[in-house]
Amino acid sequence: RKVADMLSVSGLNAYYGESHVLHDVALNVRQGEVVTLLGRNGAGKTTTLKSIMGIIAKRTGSINFTGTELIQLRADQIARLGVAFCPEERAIFSTLNVEENLLLPPVVKPGGMPLDEIYELFPNLLERRRSQGTKLSGGEQQMLAIARILRTGATLLMLDEPTEGLAPVIVQQIGEMIRKLQTRGFTILLVEQNFHFAATLADRHYVMESGKIIDMIEKEQVAASMDKLNEYLGV
Ligand code: ATP
């Protein structure tokens with residue numbers, strides 16, 4: 001069974017000023033997959049997501065999303081096509097409460113998730129809907145940040161280290177939430193440092209080092225690839 005790629009990146013190069021950070025990055029994500037981008041600090045994972053999102057202006061190569069070339073487009077145009085990026089910094093408005101945070105993001109594409117569905121998916125947020133952003137735990141902030149990008153109507157969700165700094169029980173909740181999103185048909189590109197978490201979720205893993213993709217490992221190959229994965233990730 002051959003499923004068409006939803007996202008197809010090839011020959012992607014990206015720069016911060018004069019600094020050449022991504023080198024001919026190529027990766028594919030099929031409709032409905034969860035794919036991770038693994039690698040040590042500074043390998044270029046965040047830069048890859050930001051390049052796809054159009055946040056890094058200086059980039060060359062090809063980024064094909066459902067048949068449309070993104071490389072010349074701006075972030076707002078890319079968002080309108082159904083791509084969303086949830087940064088590591090958990091971009092929420094700390095002075096607004098949960099519900100205000102959810103009502104704020106523009107639905108840039110028809111099909112943004114209605115509030116009642118968001119609350120069904122994130123029961124914690126329903127409970128905390130009148131709580132101000134600053135009063136939320138790290139896990140609740142992360143859930144809210146992800147819930148906000150669902151409001152935009154995106155179909156490809158790019159999540160940058162959603163488990164960073166969270167307690168194991170919360171990490172598990174985030175994992176369950178990602179699985180539910182996949183069941184609902186979302187496609188997810190996930191940057192992770194926590195390989196054990198990533199391994200339970202992803203259909204495929206790409207490994208990055210020094211701005212290059214150095215390996216691709218299918219779910220079925222993970223067990224047999226543990227030695228090289230440990231070496232790549234410096235565990
Ligand atoms: P981390 O997990 O630490 O975020 P990463 O794999 O996501 O690592 P990137 O953040 O993409 O790595 O960084 C890739 C390279 O680009 C690093 O060498 C980093 O120092 C550099 N870099 C990142 N952001 C900038 C910036 N705004 N200006 C200049 N260089 C940057």
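At what angle do helix 6 and helix 7 pack, and how far apart are their axes? Keep that in mind as you load the model, which is a predicted one.

Start by selecting residues 138–151, which form helix 6, and residues 168–183, which form helix 7. The two pack at an angle of about 15°, and their axes are 10 Å apart. Angles under 35 degrees count as roughly parallel, so helix 6 is roughly parallel to helix 7. Now turn the view to look at the crossing: helix 6 passes helix 7 in a right-handed one.

Next, click on the ligand and bring up the residues around it: Tyr16, Val21, Arg40, Asn41, Gly42, Ala43, Gly44, Lys45, Thr46, Thr47, Glu161 and Gln193. Colour this shell by class and you'll get three nonpolar, six polar and three charged residues. Then highlight helix 1, residues 45–53, which gives the most to the shell, with three residues.

Time to zoom in on the ligand's oxygen atoms. At Gly44, look to the backbone: a polar atom there is 2.8 Å from a ligand oxygen. For Thr46, show the side chain, where an N or O atom sits 2.7 Å from an oxygen of the ligand. Do likewise for Thr47, whose side chain has an N or O atom 2.5 Å from a ligand oxygen.

Definitions and conventions:
Residues numbered from 1 in each chain as written. Predicted model: local features only at pLDDT ≥ 70, side-chain atom pairs only at ≥ 80, totals over all residues. Heavy atoms only, no water. Near = heavy atom within 4 Å. Polar contact = N/O pair within 3.5 Å; in protein donor to acceptor, adjacent residues only side chain to side chain. Helix = DSSP H or I, 4+ residues; strand = E, 2+ residues; numbered from the N terminus. Nonpolar A, V, L, I, M, F, W, Y, C, P; charged D, E, K, R; others polar. Axes fitted to C-alpha atoms, helices over the stretch in contact; angles between N-to-C directions. Parallel < 35°, antiparallel > 145°, perpendicular 65-115°, else oblique. Left-handed = near helix turned anticlockwise from the far one by under 90°.
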